[in-house]
Every structure is written in structure tokens, then in C-alpha cells.
Number of protein chains: 2
Amino acid sequence: MRIECIAIGTELLTTGRLDTNSLWIADRLSRMGLSLHRKSVVGDDLEDMQTLFREASLRSDLVICTGGLGPTFDDLTKETWAEVLEDPLVEDPRVREDILDFYRARQHIPPESNFKQAMVPSQAQALRNGAGTAPGIYWPGTRSRPQCRVLLLPGVPLEMKQLWEQQFEPLLAPLAQQQVLTLRVVVGSTAESALDERTRPLRARHAQLSWTILASITHVELVARSSDPAALELARQDLQTLLGPDLVCAGNGSIEETVLDLLRSRGESLAVAESVTGGLIAARLTAIPGASQVFLGSAVAYSAPGKLSLLELPEELIQTHGTVSEATTRAMAEAVRRRLGSTWGLATTGNAGPTEDPLGPGALGTVFMAVAGPQNTKSIHYTFPGARSDIQSRTAAWGMDLLRRSLL
Amino acid sequence: MRIECIAIGTELLTTGRLDTNSLWIADRLSRMGLSLHRKSVVGDDLEDMQTLFREASLRSDLVICTGGLGPTFDDLTKETWAEVLEDPLVEDPRVREDILDFYRARQHIPPESNFKQAMVPSQAQALRNGAGTAPGIYWPGTRSRPQCRVLLLPGVPLEMKQLWEQQFEPLLAPLAQQQVLTLRVVVGSTAESALDERTRPLRARHAQLSWTILASITHVELVARSSDPAALELARQDLQTLLGPDLVCAGNGSIEETVLDLLRSRGESLAVAESVTGGLIAARLTAIPGASQVFLGSAVAYSAPGKLSLLELPEELIQTHGTVSEATTRAMAEAVRRRLGSTWGLATTGNAGPTEDPLGPGALGTVFMAVAGPQNTKSIHYTFPGARSDIQSRTAAWGMDLLRRSLL
């Protein structure tokens, strides 16, 4: 079943506003095993709408439109669709009554323009709007396009969602497919192309699943979809064997959540000392509810005085090795662990640029990470590409991943 | 000139991810007096892409695509366009060299799959990507579609933006319409509806400008557009008079940048002690290049031990007043200022929820902020609505704004 979504409104084509309704609709569809093939945004322009609606009516089995059902002159979604589907508008007395009721309850008299909303195409049904005056419109197929269902919903998210849940979902239910399940695994400290090559044979072996690789600055996600839970479970097991400690988690998790869960299950705690990441590790950890059970704090030592006074590092250390160095990073991890009395200490230093960064002699993109634990201290160094924010963000993620590997 | 934007990626059709690149592109186009007629999203599906690209090439003067230029099997944007435009791919030795250079600089050997990115359609030009390995591709018109320009950009925002600014904008400039200028002012610690009412008469007085109010969790922006620089300058002056200290900055700035600029111009420095914001203030400040000149560090004291050992607060203080209290927040601001030897100390405490948050007795959403300076210590308390991340984010912004007001 080919489904597409169209958002109508000139404001969605300029800067500052996004069509978020389609995200919610995609989620509701996926629960019924249905998915979107295309999304479009078009302005309140008659000709642009006509072209797009005509194309959509010829290629899709269900077209879901949001917006342009209001009472003003530039709300033309319904009128344009009625024209494209060659279905005349006639007043629906039940909708007219709903509009009057809506205003009566608010002790107002409806403006005449509102009654435009009582006009319903002859082959469509009006879906009652519990939160506003614009009814939804649903054509289950028309004489001119028997194969194409068209649903028009208001653009106001609250009204759109109520109409969908209460009125449209029951109509859609008989068309629902077998549910599509998703397997998502998060992989840490790995480049997208490396993961692509490494998992190629595995994906070929599980070719009946639909695979995607999603890379971000902080991690890579491998996603498989299928309606067969057993096939997904087999793929998950094979991935676990193949990736070993590189696999952070399967499901909805993240590196941060995995680290906090591991610490919690072991009854252990963490303190962080951040130079190049400037508080980002602390901010990512404390974004997660319940982080305070295991995360004690972070010394964001963004300057030599910060390192000396918050962490009480010896001045000779920094003079000898510089702030961006393996020795200083290891000393920071050990110092913050000791000062806060935590099981683990994690530290970062580096140069995220631009050149004026006075953190030390490291070349742009050079970063050091260290994990101090009950047994020993491990450290590692990388050179990361990209802008300042990319270097900071990746160091925060790969640093937490280094800790995760130490916890395994 | 009819321009449309197409984002490619199955992940943009399912829940959770939105195409935000098109917002940025719409903004850049609007500065050149150009606007989008349509936006679409399509998955990594060969047939869906073929249909959409064919339609777009017939109806638009410029088609801007983002995504699907990566090295993996499901990146097919370039290949599909080459087919639609009947333009064969040939290896570009210059791009191959760029890819080798990119990996050499990182002391890695490129995976073979990366060289797929060196294939460039014969009638197109490759636009050098300064931040990644996928070049942009630009057809200024082809033999099969002479009227249609097609631009392919990577989906990674950083790479997309760099390519646009450095490589594509000069090519687009001759086609630009009359330039539209923008006045943007940032307003701190203010609700959207309050700013709407307060600026209504001013906006009516400058009705020849086109006005928008954009609210986020952290601040409100008031934007005016016009092709008349004098009219914008008059509006800016009136806004300055009307808003006084509530106006954070005009132009591209932010609260963080304004605070750092004010400190720098006064030769002063800042240290932060964060409880409820968990490192967010430090992370926002250190995201800005050059922050280290004035920002010394942050003690992220996310636990009582954190407060006691990083800030050396007296245990009785916390026992008497609790961690979420005006007295503790003031003591934190003063302690971090003293320990790091900074001109100013900024501190936050609060309860961002959910209920298990052990930070203290404060009701959900209660936050305290304090600024300790050379003369005295100021503090303020709010109750913020919303989710955990909203409360943390707003506290970080309003805390920095409290410091900004103290610096005026």
C-alpha cells in the first residue's frame, strides 16, 4: 500500500517552521505495519497544489494531507482536492450544526466565513473535529480515482491527532498490514564505512531483512526491519557475535544510557574531568533521568587554573607535559576519581580548535581520553576531523565508550 | 525561478528524524530573494527516487537534493540522478586524490567503497567537500534537461553548509533576485506571548517590514525582513529603546556569545557551579571558539559529595537548607568564584524531575540561580514548566542571562 503525506502551508517552506505532523503520522502508521513512501510540503498556491494533488492521486493508494482547512481565504486544500477529484462541494447540515454548537459553547456567534467549513465533497465523508471547527474529510475512493483514498486533516497538531485517533484509525484498521518490527543496534567508536564493510557478509546472510546504516558524529546505528520476529532475533545474535564489545546496545538505548545502566547494575559510580569536552559529557549524562544515582559530578577544567584548583594537579605536571597530553589526561582521571570518591574517573583533553585554543600544543583535532578504575588507568588518543563541535561531540561519545569497554 | 528541495533517506520517512537541512537552505535562499516552491522527502528506494527526480527535473528550474551521497550500498542519489538525466558517471581523478588526502591526513587507508564517491557525472561539476569525502555535484543544465539545474549535497549538516557557502553560493549569485535583509534580535528571560504584546505597537508602527516571532526554550527571537536597510535600522533603534536590558543582542548572536563578549571587553572571567544544569552551561559556553579566554571552568556538582569536595561547601549548609535552596545556590556561586579566582561566579540548583531526582526538596520545576560578583551576590528563583530537558535548558539560558544583566 503506497502512502504519502502532504503538508500544506507557505509558512512550512520558509525558515523557522517544520512539518512535525508527518512524524507523528509516520509513527501511527508504523504501528499498523504501514509506512510512508514520500512526504511533501507545498505552499498555499493554487497551481502548486493542483499539480501535486493530481500527481499524488495517480501514484498513491492513500494520500494524507494536513493543513489548509481553516476558514480564511488562503485555506484551499479541500476546494483544490474537490476540483482534482471532480467531486462538487455541498453543504453538510450536520457539520453546520457542529460549527454552531462550537460557537454556542463559547457564547460567540460564528463569523460567516466559518460556514465554508460546512461544505463537504459529495463522495467524501466529514470526520467530526472534537477540538475545532474544521472537520476532517475522507474520500475512500472516488469515481474519477477509484484506487486512491484521500484524507484531509487540520494542521493544528491537537485537532489532527484527535481526528486521526478517534475517527480515521478505525477506518484504516481493515487495511493494516502485518506489523513491521525493527531491530536497531548502536555501535561505538567506529566509522560508518568500516561498519559497512564489516557487516556486509552478515547482511547478505540475512538478506530477507531490510537494512540501513545511520551514521552520526557520536555513533553508528545499524537498523534491520522485518515482519518476522525470529529472523530479527537471529540477526541480532549474529550481530552480537560479529561485533562483540563494539556493540553498545540493541533497542532504543544510547552510549550514555548503557554506561549508566552498567554502573548501576554493578553498584559503582563515576566522576568526570573535562577539558576539551567542556561539560558535554556531564550534560549528556545528566540529561538522562536517574543519572544522579551513579554520576557524582564533573570538574570542567577549561583553563590551567581550573585544572590546578578543581583537580589539585601538580603545577610541574602541566609544565612538563602540557595540558593536551596523555600524562595530564591520566592524572586528571585519577585526580577526579580520588577527589569525588568514585569507582571510576573519566577525563578528556584535546584541541578542538580554532587555532587560538590555548589548551596546549596538540595539533587541531588531537584528543586524549583516560579512564581510571580500581585496578589501573587506561588511556587512548585520536585525531578527529571536523568542526569544533564535531570534535567535542565525538570526544564525549568515544570517551564514554572507552569507559563502557572498561566496564565489560 | 522555481526551486524545490528534496531530502533523501528512509530514516526521514519514519519517526524520530526530520529534514532540518531544508530550513537552513530556505533561509540562505531567502537572503538572495529566492524561495522554495516545494519540499519532498523520499526513502532510499530506487523506484521512488526515479519517479520523484524525473518529475522534479521537468517542473523546476533548480532542484536541491540533500543526502544519499555516502559510501554505502544504500546511497544512490547520484547514481539515480545520473540515470534520470542520461549522463554517465566517470571517475574524477581530482576527487579520488581528495579522498586519498582526506584519509592520509588521518593516517588511514580509505576503504574501497569510498572511491564510489570519486565517480562524477560527465556533464556535472564536482564541488569540493572541505569536511568529508563526498563531493557536491552540480549540473548547470544537461543535454536531456537544459532548463533544469540540479545540485546534490551531502546530508551531514556541516558538510552541506560548507559546500553551499563556499562552492555553490558563488554559482547561484548571478541568479539571485533583489536582496532581502534581515534584522534579528534575541530577547532573554521573556515569554513569547509577553514579547508579542509588548512589541505589537512597535510592529504596527513599522508595518512595512515583515515580522516574525520565533520562540524556543532558551530565548525568543524577533525577526524583521525588508529590502530597505534604513527601515530596518529605524526598527532596530526603536526595539533597543523599547526593550532596554531585555534585548540580548541584534544580529547573529546568542546569550552565550553576548556574555563571553561582555566579559572579554571588561577583562573579567567566569567560573560556574552547576547542579540542576549538569554541565549544560559549561558545554554551551565552551561550544564557542575562544571561550577559554574568559571561562575558567565549571564544578558540575551533581551529588552531595560533589558539592562538598569540588566546592568545599560546609556540610551543615546542605543539612540546614537542602541542596535545592537559595542559600546553597548562593554559597556555590561564591565558592566556585573563590576557588577558581574568577571575577564572577554563576551557580544553579533545582529539580528537573522526574520524581526520583534526589537533589533536594524543591518541587518539580523549581530552580535557583545565583551570580556572585566583586560587589555582592544576587539570586533569583523560578518555577519552570515542561520536561526535564526543557527545565535544564531554560535554567542554563536564564542563568546566563542573569549574569548578562549583572554585567550591564
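In this predicted model, R104(B) counts as partly exposed because its relative accessibility is 48%, and E97(B), with a relative accessible area of 36%, is likewise partly exposed. The two residues form a salt bridge in which the closest N and O atoms are 3.4 Å apart. A second pair in chain B joins R266(B) to E268(B), with 3.0 Å between the closest N and O atoms; here R266(B) is partly exposed at 38% relative accessibility, whereas E268(B) is buried, its relative accessible area being 17%. Salt bridges that share partners also join E4(A), R38(A), E55(A), R59(A), E4(B), R38(B), E55(B) and R59(B) into one network.

| Salt bridge | N to O distance |
|---|---|
| R104(B) and E97(B) | 3.4 Å |
| R266(B) and E268(B) | 3.0 Å |

Turning to the cysteines, the count of disulfides over all chains is zero. The sulfur of C65(A) is too far for a bond, because the closest cysteine sulfur, in C5(A), is 8.1 Å away; C65(A) is buried, at 1% relative accessibility. In chain B, the sulfur of C65(B) is 8.1 Å from the closest cysteine sulfur, in C5(B), and therefore too far for a bond, while C65(B) is buried at 0% relative accessibility.

Helix α5 (residues 157-172) of chain A has 16 residues, yet its end C-alpha atoms are only 19 Å apart, short of the 22 Å that a straight helix would reach. A bend of about 45° occurs in α5(A) at W164(A). W164(A) is one of the buried residues of α5(A), which also include M160(A), L163(A) and F168(A). What covers the buried residues of this helix includes α1 (21-31), β3 (62-66) and β8 (149-153) of chain A.

In chain B, strand β7 (residues 136-139) pairs in the antiparallel sense with strand β6 (residues 125-127) over three bridges, with L127(B) opposite G136(B). β7(B) also pairs in the antiparallel sense with strand β8 (residues 149-153), over three bridges, and I137(B) stands opposite L152(B). From β7(B), G136(B) and Y138(B) point one way and I137(B) and W139(B) the other way, and all are buried.

Definitions and conventions:
Residues numbered from 1 in each chain as written. Chains lettered and ligands numbered in written order. Predicted model: local features only at pLDDT ≥ 70, side-chain atom pairs only at ≥ 80, totals over all residues. Heavy atoms only, no water. Helix = DSSP H or I, 4+ residues; strand = E, 2+ residues; numbered from the N terminus. Expected span 1.5 Å × (residues − 1). Bend = angle between axes of the 7 residues up to and from the residue. Buried < 20%, exposed > 50% of the residue type's maximum accessible area, 1.4 Å probe, protein only. Contact = heavy atoms within 4.5 Å. Pairing = 2+ DSSP bridges. Disulfide = S-S within 2.5 Å. Salt bridge = Lys/Arg side-chain N within 4 Å of Asp/Glu carboxyl O.
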